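Biologist: I'm new to this one. Can you put it on screen and take me through a few residues?

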Amino acid sequence: MEADMEAPCNLKHTRLNKNRTQKAMKRTRVFQTIVMIAILWTLTGCWDAKEVQDINYVKTLGIDYVKGEYVVYAVMLDFTSVAKQEGGKPSQKASVWVSRTSGISINDAIDKLYHTSQQHMFFAHISSIIYSEAVLKQGPEVVFDLTNRYHEIRYTKWVYTTQDQMDKLLSVTPFFNESPISSILNAPMETYKQSSHITPIQFHRFIANYNELGRTTLLPSLSINKETWKENLKNHELLEIDGCMIIDHGNIRGKLTKEKLSGLRWVNPKTIRTPVSITDNENKIIATIVIRKPKVKIEHHIQEGKLTFQVQVKLSGTLNELAQSISEKQLKELAIKQIKKEIYDTYKEGIGLKADIYQLGYGLLLEDPAHWKHFFGKESFPLYRDSLNSVDVQLRINNSGKYQFRI
């Protein structure tokens with residue numbers, strides 16, 4: 001009897017538990033549906049998306065200062081000349097769209113671009129900026145404020161100066177009908193890896209050097225080369241880094257050509273690959289050695305109140321050309337003599353402009369701030385020709401290529 005009475009009770013409890021389970025599962029499904037709808041709602045944010053062809057992409061800015069107004073040049077990116085085609089190269093010459101506006105400020109000039117832009121202008125793809133000497137003299141507060149403050153413009157863009165006409169410079173296109181993206185204006189490191197003379201500089205490093213005590217800013221200078229290359233026997237203009245603008249905390253010391261800066265590459269640890277040509281007394285070529293990644297050490301000494309520096313350079317390279325019979329020892333001696341001469345000559349060029357080309361003072365600042373303040377903290381320039389007391393160059397020729405030395 002007790003078993004018969006418990007059976008209906010157990011059945012009743014089983015039914016109640018089943019109903020509760022079904023209701024709980026129903027609530028769970030409803031909750032999951034609500035959560036899924038909420039997630040999907042957050043993902044549907046593409047109603048205001050713009051297609052690539054509906055946006056004007058600014059790739060380069062050129063900034064000048066003329067007659068009391070800031071002049072801004074903007075180069076727009078043409079995707080038809082950037083996209084890869086079946087043949088590998090564009091079949092038509094790349095179009096370069098360059099605007100020119102002016103205003104009482106850089107932002108005022110840029111704002112006038114919108115009046116004729118036809119479509120939305122996007123600045124996040126800017127990869128290079130060119131400053132004229134005139135605008136650099138206006139100081140960093142005005143010149144660099146917009147390019148730092150505006151959220152779309154990145155810190156990693158390449159920065160240059162020029163003395164050429166800005167709109168002509170920005171209209172130069174590289175080889176094979178390619179886009180200006182492929183030029184040294186927007187991709188300078190590929191050329192620098194093969195021939196390291198003037199180190200390209202990005203905006204964040206330029207600003208750091210500009211503001212840091214003891215630093216001398218070497219701003220690469222762009223020019224138009226009209227002679228080197230021809231297309232179908234017609235001269236083809238191409239961009240070239242022809243030197244540097246020397247800036248000392250906002251004070252423009254002047255410009256030095258690439259030839260006058262030939263010694264800089266030996267004292268620059270960032271040098272990747274650069275040749276030294278050795279000639280005889282009649283200026284005939286003896287050999288060419290390609291040097292890679294110099295190791296530089298700079299020491300300072302103070303004796304009787306006089307500041308002097310010693311530079312030690314360790315070089316290694318490959319013999320790429322040998323035009324005359326010469327021993328390895330003689331060749332190394334001639335190469336070291338040539339490199340020392342270039343280092344001293346460039347140093348003297350910097351002294352003539354009252355510029356610390358080799359950043360000698362910066363090393364002193366890091367090691368001995370008190371003495372740096374004593375020598376460099378005054379208005380008078382502390383370096384003289386004999387301040388570079390000695391230059392020690394050590395050279396090792398790793399190999400002579402496919403041939404041996406001729407004696």
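Modeller: Start with I336, which lies in helix 9, residues 328-352. Keep in mind that this is a predicted model.

Biologist: Is I336 buried or exposed?

Modeller: I336 counts as buried because its relative accessibility is 19%, and the cut-off for buried is under 20%.

Biologist: What does I336 touch, leaving aside neighbours within four places in sequence?

Modeller: I336 is in contact with V393 and L395.

Biologist: And how far is I336 from V276 in space?

Modeller: Their C-alpha atoms are 9.6 Å apart, while in sequence the two residues are separated by 60 residues.

Biologist: Let's switch to Q310. Where does Q310 lie?

Modeller: Q310 is in strand 15, which covers residues 306-322. Q310 is buried, at a relative accessible area of 13%.

Biologist: Which side chain does the Q310 side chain make a polar contact with?

Modeller: That of H301, at 2.9 Å. Not counting residues up to four places away in sequence, Q310 touches K297, I298, E299, H300 and H301, and also N389 and S390.

Biologist: New topic, the surface. Which residues form a nonpolar patch there?

Modeller: F31, V35 and I39 do, and together they have about 280 Å² of accessible area.

Terms used. Residues are numbered from 1 along each chain as its sequence is written. This is a predicted model: local features need pLDDT of at least 70, side-chain atom pairs count only at pLDDT 80 or more; totals for chains, interfaces and linings use all residues. Side-chain values use heavy atoms; hydrogens and water are left out. Helices (H or I, at least four residues) and strands (E, at least two) are DSSP runs, numbered from the N terminus. Buried means under 20% relative accessible area, exposed over 50%, partly exposed in between (1.4 Å probe, protein chains only). A polar contact is a pair of N or O atoms within 3.5 Å; within protein, one must be able to donate a hydrogen and the other to accept it, and residues adjacent in sequence count only if both atoms are side-chain atoms. Contact means heavy atoms within 4.5 Å. Patches are made of residues with over 30% relative accessible area and no salt bridge: like charges are joined within 9 Å, nonpolar side chains (Val, Leu, Ile, Met, Phe, Trp, Tyr) within 5 Å. Accessible areas come from the Shrake-Rupley method with a 1.4 Å probe; for residues, only the protein chains shown count as cover. A salt bridge is a side-chain nitrogen of Lys or Arg within 4 Å of a carboxyl oxygen of Asp or Glu.
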